[in-house]
Amino acid sequence: MNRKIVGKIAEVAGSEEVKEALNALFMFEVDQGSGGFQYSAEYEAILDKHMPKSGPDREGVTLT
Amino acid sequence: MRICEISVNNYRAYKEARFEFIGQRANVASIVGRPGAGKTALLNAITWCLYGTESFRGSTPNGYRKPLPLINKGSREGGLEIGESTARIEIKIEFDDGRKATIRREQLFAVTGPNEVEPVGEQVLHVMLKSDTDGYMPVDEPSLWIARHLPDRIRPYFILNTERLEQFFVGDGAEQDRVRGAILEIAQIDLLGRIRTRLGKVKSGLLSRQGDRKEGRRGELEEEYEGLIARLETKQEELRQERIALEAANADIADLTARMGERDEFRELVGKQEAAEAGLEEVKRQLAVAEEDLSSFIAQEGACILVAPAVRELSDEIEEAWNSGRIPAPIHPDFLVKLRDQDQRCICGRGLGPSEYSAFDALIARHQELSEHGRMLQEMLGPSATLLERAADFRARLSALNSAVDELKQRGRTFQERKDAIRFELERRGLKDADLRLLQAKQDAAYQAKERATTGKAMAERDISGLESQIKEVERLLKIEMKKDRNLGQLTALVEFTDECISAADRAYDELITQTRVEVSEALNDYFLKMMRDTRGETFLGASIDEGFSPHVDAVGGWDAAGDLSGGEDVCLALAFSQALGRVSGFELPLILDSPFVKILDHQIMSDVMRTMLANLEGRQLILLMKPEEYRLGVQEVLETSGLGEAMRLEFDENTQTTVVS
């Protein structure tokens, strides 16, 4: 099923970065099991990691 | 994936038991036991081993089991031994590709009394993978491994009991949610939904932070910064002016100081001039004195000066006369001297010839004359013996006086020349006292200007230093704000990116759930029809899950029989649904069913369903836990006919309070 979801993500993602971010988030959810915790910080870190880094506003800046 | 072996130690009803699913039981295994014999305990042993929780509520002949500690209580007579005891479940599994793994969970308990049992520490989970070379190797994160290979969310769809089977399609209005939930969970599409939800929260958080950043102090700080810079520039201009003024004052002072040097030189020249004039006056005074002295001296000593040559001449004549014999011997020059000194006339009484007398007389006369004159001189000048000395002295003094006068005159001329030269020099340089006073005033003014400029410069420097400190602080704050702005840009980009991810997750979610629903619906139709054809012939035309996740059973005659199925048909539909979920899930799950056929009263139907299930396992392992009558009525024959071996039987020994597997 993972392959099916990963394949669907690859199919619908508008960019390589979005695909990688969603894959990372999906694996994050798989690894976390069904715990009802808040993962905002982790999510943000994953998004930030996979986000395109081009452009002056996106260089050398950390969110935290 | 299939379960090869389950070992149970000190768990619930089991003191020590092992279930091996090998040989004929490798794909289909049946375990038969009366209520309370340990079937549910075995199901719970599986879920506890995998997930650390017991999922099923067991029963005893007298009712439901109390949630006592899961440690085996031991024999009724003896109870638990005081001390420590470990509950342990171990499941060995094998994947379709041949990989093998052992999952073991254990919990230590402290037994302090007959019914006093407390867990000690945490549960310990091990997952070991068998490799071709190193035997079993432990997995670093066993919980993670299980989450990836046997996620807890799909547990309800591979371990099913009667209640669960009955629940799926009960027409209570919530069946759509259950079906939808099952499809979402078995296909892990719910994870995409969770991703979508959490991305929404992340976006909200980002937008909130954006809002905070947009309300930053940058504008205010920039205004303050510009004001400070303007003030700094003003102060710097003031400082520049003060420095110029200071430099000018210093230049003036240096120039005036240099010119003041001329003043000193002037003063020196004037002093020299005054000294020269004084010297000249002194020389003139001394010259006057000297000339007066000279006149007085001449006046006093002049006679002597005049007589002295005559006396000397006379003496010389007398001496000559004496020496030549013209003067009688008695008349010795000494006598003449004596005569001169004593003014004696008796010299004429000695015997001289006429000529001699005549000459002598002349001499006498002369002598007398001289004597008279000498006497007068004697009277006037004193003894004539000192006359020559006095004359010589006179000459010397006169010469000295003349020299002094000459010298004084020379000095006077020198002084005059110097005085004239100084005056000339002063006139040449144009040095005047008035100018010098003006110069002094200018110098004083220059010093005052220097003091003002120094003070102004110090104040300006102090103000500039203060302003620079303020500017540095504002710059620091501005950098923070600018970083915030940059972060704002980053936040904006992240919000946009989050939107893109949300959009993609939404689309993946929608497409996958539709796609999976269709797949489940097709598989359900496939399994259900196979089951029903064996039991009901052509009564049912198909089964499906519609877009609203409602189950439908198409019956002959064009009506939906989903709400009118018998208990057995419902179970069949649920089993077909479970089979369908298993096919679509992508996980190689065994199917573990606890008392699946108890609601099917017709043993023929039961046998047909069993047969159909066996025919459509598609490689999926099936473990059946059944009550004895359930097994005997509809399953045993089918299994034996299919050559799937005898069932394992569970018996609960009341004496030892332990389940025995046979």
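A residue is termed buried when its relative accessible area is under 20%, exposed when that area is over 50%, and partly exposed in between (1.4 Å probe, protein chains only). By this criterion, 44% of the 662 residues of chain B are buried. The structure is a predicted model, in which local features need a pLDDT of at least 70 and side-chain atom pairs count only at pLDDT 80 or more, whereas totals for chains, interfaces and linings use all residues. Residues are numbered from 1 along each chain as its sequence is written, chains are lettered from A and ligands numbered from 1 in the order in which they are written, and side-chain values use heavy atoms, with hydrogens and water left out.

The pLDDT, the predictor's confidence in each residue on a scale from 0 to 100, averages 79 over chain B, and 80% of the residues score at least 70. Within chain B, confidence is highest in strand β1 (residues 2-11), at 93, and lowest in helix α7 (residues 333-342), at a mean of 49. Contacts are defined by heavy atoms within 4.5 Å. Over residues 339-352 of chain B the pLDDT stays under 50, and the model has 35 contacts beyond four places in sequence for this stretch. The pLDDT also stays under 50 over residues 380-384 of chain B, for which twelve such contacts are present in the model. For the complex, the predictor gives an ipTM of 0.86 and a pTM of 0.60.

Chain B contains 13 helices and 17 strands, where helices (H or I, at least four residues) and strands (E, at least two) are DSSP runs numbered from the N terminus. Among contacts in chain B between residues at least 6 apart in sequence, 69% join residues at least 24 apart. The accessible surface of chain B, from the Shrake-Rupley method with a 1.4 Å probe, comes to about 33600 Å², of which carbon and sulfur atoms account for 49%.

Strands are taken to pair if DSSP finds at least two bridges between them. An open sheet of six strands in chain B has the order β10-β14-β15-β3-β16-β17, with mixed pairing. Its edge strands are β10 (159-161) and β17 (658-661) of chain B, each of which pairs on one side only. The twist averages 20° from one strand to the next. Strands β3 (residues 28-33) and β16 (residues 648-653) of chain B run parallel and are joined by three bridges; Ile31(B) stands opposite Met648(B) in β16(B).

Two helices lie across strands of this sheet. Axes are lines fitted to C-alpha atoms, for helices over the stretch in contact, and angles run from 0 to 180 degrees between N-to-C directions. Helix α1 (residues 39-51) of chain B lies across β3, β10, β14 (591-594), β15 (622-626) and β16 of chain B, and runs at about 145° to β14(B). Helix α12 (residues 603-615) of chain B lies across β3, β14 and β15 of chain B, at about 160° to β15(B). Ser607(B), in helix α12 of chain B, is buried, with a relative accessible area of 6%. Beyond its neighbours within four places in sequence, Ser607(B) is in contact with Leu633(B), Gly634(B) and Val638(B).

Arg649(B), located in strand β16 of chain B, is partly exposed, with a relative accessible area of 35%. Residues up to four places away in sequence aside, Arg649(B) touches Val32(B), Tyr631(B), Gln636(B), Val660(B), Val661(B) and Ser662(B).

A further open sheet in chain B comprises three strands in the order β11-β12-β13, with antiparallel pairing. Strands β11 (540-545) and β13 (559-560) of chain B stand at the edges with a single partner strand each, so one side of each is left without a neighbour in the sheet. Strand β12 (residues 551-555) of chain B pairs with β13(B) over two bridges, and Asp554(B) has Asp560(B) in β13(B) as its bridge partner.

Aromatic rings of Phe, Tyr and Trp (its six-membered ring) pair if their centres lie within 6.5 Å; planes under 30 degrees apart count as stacked, over 60 as edge-to-face and the rest as tilted. Five aromatic pairs are counted over all chains. Phe28(A) and Tyr43(A) form an edge-to-face pair, at 5.8 Å centre to centre and 80° between the planes. Phe28(A) lies in helix α2 (residues 16-32) of chain A and Tyr43(A) in helix α3 (residues 40-50) of chain A, so the pair ties together parts that are 15 residues apart in sequence.
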